[in-house]
Amino acid sequence: MKPGIHPDYRPVLFHDIGANAFWLIGSTVGTSKTYTHSDGVSYPYVALDVSSASHPIYTGQERKAKSEGRVAGFNKRFAGFAGKGS
């Protein structure tokens, strides 16, 4: 390997803010923030909005569509026009 051309691979602490879950994994992501993990060591820190710990598809808490959504409202409003033709 050529020296000086590869990114720095190191342990990085990822934090899902929505689920308050932490992952310590190896990464090359660039960040200037640091955070002291539960093991007492300070690691580079990246905050995440969504991860597998908080995403509805992964957690099984998928939102169901309302029965009175846009399509249902449209069909209710214009139901009388469907029977009229030329």
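Which residue in β4 stands opposite L13? Y45 does.

This is a predicted model, where local features need pLDDT of at least 70, side-chain atom pairs count only at pLDDT 80 or more, and totals for chains, interfaces and linings use all residues. Residues are numbered from 1 along each chain as its sequence is written, and side-chain values use heavy atoms, with hydrogens and water left out.

Let's start with the sheet. Four strands make up an open sheet with mixed pairing, in the order β2-β1-β4-β3. Strands here are DSSP runs of E, at least two residues, numbered from the N terminus, and two of them pair if DSSP finds at least two bridges between them. At the edges sit β2 (21-27) and β3 (34-36), each pairing on one side only. β1 and β4 (residues 42-48) run parallel, joined by four bridges.

Now for two residues, D16 and V41. D16 belongs to strand β1 (residues 10-16), while V41 lies in the loop between β3 and β4. Buried means under 20% relative accessible area, exposed over 50%, and partly exposed in between (1.4 Å probe, protein chains only).

| Residue | Relative accessible area | Class |
|---|---|---|
| D16 | 0% | buried |
| V41 | 38% | partly exposed |

What does D16 touch? Contact means heavy atoms within 4.5 Å. Leaving aside neighbours within four places in sequence, D16 has contacts that include A21, W23, L48 and S51.
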